[in-house]
Amino acid sequence: MQKALYDIPEIKDMRNLLDTSVLRFRNNNAFAEKMPNGKIAYTTYGQLNHNVDALVTAFISMGLRGKKIAVCGENSARWCQVYLSACCAASVIVPIDKELPAPEIINIINESETKLVVADKKVLQKLDGEKLLKRCPDTVCLDGEYNACTSYENLLDKGEKLLSTGKTQFLNIE
């Protein structure tokens, strides 16, 4: 038997993958993203871990453990954080192609019985956010404020506030 070239740790799940990466690369950049103003925004593994912890806490406090969370929009650090957080919250992630026509996106949301939709403004405008909110009242806008949707920042703040009051029991979900 040939000896392995690298010692590769066993990864059990997404939480374990994130924890392992944070231990090894805490101050390294996990994401580099070009912002609308042309500047590059960096997210370290440590910041990523903090945001995932806050989002997991927010999701669980909203009763989303085991429920479906859809994410639809441009590739971004926030999109990835929602995806990782849903996995770490023991939720079911429903990634939806942003290029699909609005009726198909709505059909996926309805058929999958999604409880939370997280999308960017372009997708919400395409779906006519108000109609979407009637079907799925828990909707989060990834990139700012949009109609009556909760903003990503507000969702993150909700989780951070819960964590700051000692609500950390959500972080050890199996």
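Visitor: How many residues apart in helix α1 are D19 and R15?
Guide: In helix α1 (residues 14-25), D19 and R15 are separated by about one helical turn, where helices (H or I, at least four residues) and strands (E, at least two) are DSSP runs numbered from the N terminus. The model is predicted, so local features need pLDDT of at least 70 and side-chain atom pairs count only at pLDDT 80 or more, while totals for chains, interfaces and linings use all residues. Residues are numbered from 1 along each chain as its sequence is written, and side-chain values use heavy atoms, with hydrogens and water left out. Along helix α1, the spacing of D19 and R15 is 4 residues.

Visitor: How far apart are the closest N and O atoms of D19 and R15?
Guide: Side chains of opposite charge can pair when their charged atoms come close. D19 and R15 form a salt bridge, a term that requires a side-chain nitrogen of Lys or Arg within 4 Å of a carboxyl oxygen of Asp or Glu. Between D19 and R15, the closest N and O atoms are separated by 3.4 Å.

Visitor: Which residue is linked with R15 and D19 in a network of salt bridges?
Guide: The structure holds 4 salt bridges. R15 and D19 belong to a network of salt bridges, and the residue linked with them there is D53.

Visitor: Is R15 buried or exposed?
Guide: Relative accessible area decides this, with buried meaning under 20%, exposed over 50% and partly exposed in between (1.4 Å probe, protein chains only). D19 has 34% relative accessibility and therefore counts as partly exposed. R15 has a relative accessibility of 14%, and so R15 counts as buried.

Visitor: How many residues apart are R78 and E153?
Guide: R78 and E153 form a salt bridge in which the closest N and O atoms are 2.7 Å apart. This pair joins distant parts of the chain, since R78 belongs to helix α3 (residues 77-88) and E153 to helix α7 (residues 152-164), and their separation is 75 residues.

Visitor: At what angle do helices α2 and α7 pack?
Guide: The axes of α2 (residues 45-61) and α7 are 7 Å apart, axes being lines fitted to C-alpha atoms, for helices over the stretch in contact, with angles running from 0 to 180 degrees between N-to-C directions. Because 65 to 115 degrees counts as roughly perpendicular, α2 is roughly perpendicular to α7.

Visitor: Which exposed residues lie on the face of α4 turned away from its buried side?
Guide: Helix α4 (residues 102-111) has A102, I105, I106 and I109 as its buried residues. These lie on the same side of α4 because they cover an arc of only 95 degrees around the axis, the arc being that of the directions from the helix axis to the C-beta atoms. On the face turned away from that buried side, the exposed residues are P103 and E111.

Key
Parallel < 35°, antiparallel > 145°, perpendicular 65-115°, else oblique.
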